[in-house]
Amino acid sequence: MEIAAELVALVLTVLLVTVVARRMDWSAPLCLVAVGVAVSFVPGVPQYELDPEVVLIGLLPPLLYSASIQTSLIAFRKLRGPIALLSVGLVVFTAFGVGLVAWLVVPGLPLAAGIALGAIVAPPDAVAASVVARRVGMPRKLVRLLEGESLFNDAAALVALRTAIAAIAGAVSLWQVGLDFLLAAVGGIVVGFLVGLIVTYVRAKLEDTITDTALSFAVPFAAYLLAEAVHGSGVLAVVVTGLIQGHQTPRIQSGPSRLASRLNWETVQFLLENMVFLLIGLQVRRILHEVGKSGLTLGQLAGICAAVLAATILTRMLWMVGIGVVKRVLKTLGFQRGKVWPWRYSAVIAWAGMRGVVTLAAAFVLPADTPQRAVLVLAAFVVVAGTLVVQGMTLPPLIRRLRLPRPDPAEDALQEAAVLHDMTRAALAKLEELRRPEDPPEVIERLRDRLQGRSDAAWEQLGRQSALAETPSDAYRRLRVQLLETEREQFLSARDRGTADDAVLRRVLARLDIEESMLDRDDEEPPVAERELSTPAATAGSCKHLDHEWPEQEPSSRDSCAECLEAGLTWVHLRMCLKCGHVACCDSSPGKHASQHFHETRHPVMRSFEPGETWRWCFVDKQLG
């Protein structure tokens, strides 16, 4: 009963603190750590002991799995070089750099124990960095790099820690260190690949959503334990399995299974990662109690912790500077292909080094007979708290000051419209193949309207800067939401009167929920009118019409569609022909006069005539530019 009450208290505290942090626009991890520290000194509060086995086996696998299934394998392949430099090279560099500093400042500390501390503080926390990055609008490439680094650096750090602990107990040769690292990496990758393939095969055969979701909960633990059983890296096995599952999910899972799995894993990730930060803060009283037995003065402890924190931050900065210099030298000598990231990108990556749960959990893994163990654990905690405060609070203003390019919502909207257009065209072509003579024409027309309406809704989002209050798809969604609410009220009335069986009512409610989830736009999505529409999306391929330099034409109208005015119609958005300057309405408008102009004149390219928009569309090749 006492354990259940403590768990409920932890969950409620996490929910309360995260809600307040979001309202105040504060860092949730930092707030949770601060609350945990404060609560740990309240009289009567039980002393929580963060068992490293619970974190490394019970918490770390599901956290890594939930992050890896949301990571694009395609994007990871493109960034595999930089990710390897950060997740392996930087971990080793940090382990030796911090280890050397700890060996110099901690009295009586063996070098191997110092390197163990370096391995403990080496891996940054993915959650803290990505939360800040998304809140301030960091370029997506940097976010993917930081997330990819965090997926693999835990494995490198834990392998390095295991080797350092072995070195504390006795002599370990350099070749043994390299062999252990290689075996752990290869074993983890092989196990992760095999588990990923097996689970993919099994899940492809499952049709029940509950069974599929339940299986997904067992996958990270199975991958971790199997890899550790063969002396491989369990962390690496979980990450590889997650990447494979995330990549194969669109093929092997049904829509309901994907929805259920995503929502369940997002909930698990939210609770676990935030609860861990709270538990980190609750360890302070215990850590300080153990440090009091070390015999060191307060000044010595402060100096040691400050030195380790500074070394942890500086090693990452030095590594990024070194990588930038080497790449620029290789570029000058002709050995480096492609673009070299600007220094401001390197500066943000260097400063995005907040530590988290793996650091503190690894600190408790240190054997009890490790020299100055309590001091090392305290230093690890100071690194976690210090990086969250120093770097976590200053990273957002640094990103703003460096004026890094934010993700362009206009480009996202254009790419979304282009993808949906291609999907709609393929589906309509398939419909013509599938339809049979006996199929009711009204059914075929309903299918066509649904497909075309979804595509049109995406295009309509590109012209929100027009004077039109809402687009047709917006009006449809607004009215349908209100109608669904009326239907739901009638459903509740039927339920309360008991006029239908509960099983029937549940099916009806599920149907309403599914239809509501199918509405094309999310209320929380900011309108495109609030964004700067400037950058065109990449075209699907080469198009001579889009690549052609069209001479500047005088628009036939500044703010209206002449055909709509003549026919007494209204338009949604305006488009202009690049060949002759004719201005006409879009395909979401009743008249569809821009498309009509193309069919009459065969002028191939039109562009948006909405304020601030520069995207173009080729009617011949069906491509966006």
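Trainee: Is Arg 162 buried or exposed, or something in between?
Mentor: Arg 162 counts as partly exposed, because its relative accessibility is 39%, where buried means under 20% relative accessible area, exposed means over 50%, and partly exposed lies in between, computed with a 1.4 Å probe on protein chains only. Bear in mind that this is a predicted model, in which local features need pLDDT of at least 70 and side-chain atom pairs count only at pLDDT 80 or more, while totals for chains, interfaces and linings use all residues. Residues are numbered from 1 along each chain as its sequence is written, and side-chain values use heavy atoms, with hydrogens and water left out.

Trainee: Which side chain does Arg 162 meet in a salt bridge?
Mentor: Its partner is Glu 228, at 3.9 Å from N to O, the term meaning a side-chain nitrogen of Lys or Arg within 4 Å of a carboxyl oxygen of Asp or Glu. Arg 162 sits in helix H8 and Glu 228 in helix H10 (residues 209-229), so the contact ties together parts that are 66 residues apart in sequence; helices here are DSSP runs of H or I with at least four residues, strands are runs of E with at least two, and both are numbered from the N terminus. Glu 228 is partly exposed as well, with a relative accessible area of 30%.

Trainee: How many salt bridges are there in the whole structure?
Mentor: The search finds 16. One of them joins Arg 316 to Glu 149, with the closest N and O atoms 2.9 Å apart. That pair links distant parts of the chain, Arg 316 being in helix H14 and Glu 149 in helix H8, 167 residues apart, and both residues are buried.

Trainee: And what does Arg 448 pair with?
Mentor: Arg 448 forms a salt bridge with Glu 432, the closest N and O atoms lying 2.6 Å apart. Arg 448 belongs to helix H19 (residues 441-460) and Glu 432 to helix H18 (residues 409-434), 16 residues apart. Through shared partners, salt bridges join Glu 432, Arg 435, Glu 445 and Arg 448 into one network.

Trainee: Switching to rings, how many aromatic pairs does the structure hold?
Mentor: It holds five, counting rings of Phe, Tyr and Trp (its six-membered ring) whose centres lie within 6.5 Å, with planes under 30 degrees apart called stacked, over 60 edge-to-face and the rest tilted. Tyr 65 and Trp 265 form a tilted pair, 5.1 Å centre to centre with 55° between the planes, and they link helix H3 (residues 52-68) with helix H12 (residues 255-282) across 200 residues. Both Tyr 65 and Trp 265 are buried. The rings of Phe 93 and Trp 319 are also tilted, because their centres are 5.4 Å apart and their planes are at 40°. Phe 93 lies in helix H5 and Trp 319 in helix H14, so this pair ties together parts 226 residues apart in sequence.

Trainee: Where does H5 bend?
Mentor: H5 bends by about 30° at Leu 90, the bend being the angle between axes fitted to the seven residues ending there and the seven starting there. Leu 90 is among the buried residues of H5, which also include Ile 83, Val 91 and Gly 99.

Trainee: Last one: how many disulfides does the count come to?
Mentor: The count comes to zero, a disulfide being a pair of cysteine sulfur atoms within 2.5 Å. The sulfur of Cys 586 is 6.4 Å from the closest cysteine sulfur, that of Cys 585, which is too far for a bond.
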